[in-house]
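Please open the model in your viewer and display it as a cartoon.

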Amino acid sequence: MSTVIFLGGHRRPSPAVVRRYLQSRTEGSERVQLRDLRAATRHGPELGPEAEPMVGGPGAGGPIRLLYWRRYPRKIGRGHSFLYACFRHGAGEVRFYPALKSPRAPDCPFCRIPR
Ligand SMILES: [Zn+2]
């Protein structure tokens, strides 16, 4: 299972906006459905020390709103398709693509640069 998490701070991220963002950065064959996005609420202590700078600002101590995109492996022939991410598209950019599981990450279809 692959999980991508969107932090919304004290406001819940919009599922429609997050879906558009994911769809624009995901290989065309991979459909991102609204039902695949799940809302959750967390509190600072649950998120660990890495989150402390994020929860220390205005409204400190309040809940943190999240959206999860869960993508389960899909059976293709004898194998399973997993979701991979490529972070070589510039600061803050990422591309997602499905591929069969392999010992080495498959090439990204967006940049086609061998890993
Ligand atoms: Zn890439």
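Which residue of E6 does Ala85 stand opposite? Select Ala85 and look across to E6: the residue there is Phe96.

Before continuing, please note the basis of this tour. The model is predicted; local features require pLDDT of at least 70 and side-chain atom pairs count only at pLDDT 80 or more, while totals for chains, interfaces and linings use all residues. Residues are numbered from 1 along each chain as its sequence is written.

**The whole chain**

Colour the chain by secondary structure. Three helices and six strands are present; helices (H or I, at least four residues) and strands (E, at least two) are DSSP runs, numbered from the N terminus. Along the sequence, these elements follow the pattern β-α-β-α-α-β-β-β-β. Of the 115 residues in the chain, 11% are buried. A residue is termed buried if 20 or more other C-beta atoms lie within 10 Å of its own, exposed if 12 or fewer, and partly exposed in between, with C-beta atoms placed from the backbone. Among contacts between residues at least 6 apart in sequence, 50% join residues at least 24 apart. Here, two residues are in contact if their C-beta atoms, placed from the backbone, lie within 7 Å.

Select residues 74-76, 79-86 and 95-100, which are strands E4, E5 and E6. Together they form an open sheet of three strands in the order E4-E5-E6, with antiparallel pairing. Two strands pair if DSSP finds at least two bridges between them. Why is one side of E4 and of E6 left without a neighbour in the sheet? Both strands stand at the edges and each has a single partner strand, so one side of each lacks a neighbour there. Neighbouring strands of this sheet are turned by 40° against each other on average, direction ignored; axes are lines fitted to C-alpha atoms, for helices over the stretch in contact, and angles run from 0 to 180 degrees between N-to-C directions.

Next, select the E4 residues Arg74 and Ile76. Three bridges join E4 to E5; Arg74 has Ser81 as its bridge partner, and Ile76 has Gly79. E4 and E5 form a hairpin with two residues between them, and Gly77 in the turn has a positive phi of about 60°. On the other pairing, six bridges join E5 to E6, which run antiparallel.

E2 and E3 are joined by six bridges; select Ala40 to find its bridge partner in E3, Leu66.

Is Arg70 partly exposed or buried? Arg70 counts as partly exposed because it has 13 C-beta neighbours inside 10 Å. Not counting residues up to four places away in sequence, Arg70 touches Met1, Thr3, Asp36 and Arg38. The C-alpha atoms of Arg70 and Arg35 are separated by 9.6 Å, although the two residues are 35 apart along the chain.

Finally, select His10, in the loop between E1 and helix H1 (15-24). His10 is partly exposed, with 13 other C-beta atoms within 10 Å. Show Arg65 as well: its C-alpha atom is separated from that of His10 by 5.8 Å, with the two residues 55 apart along the chain.
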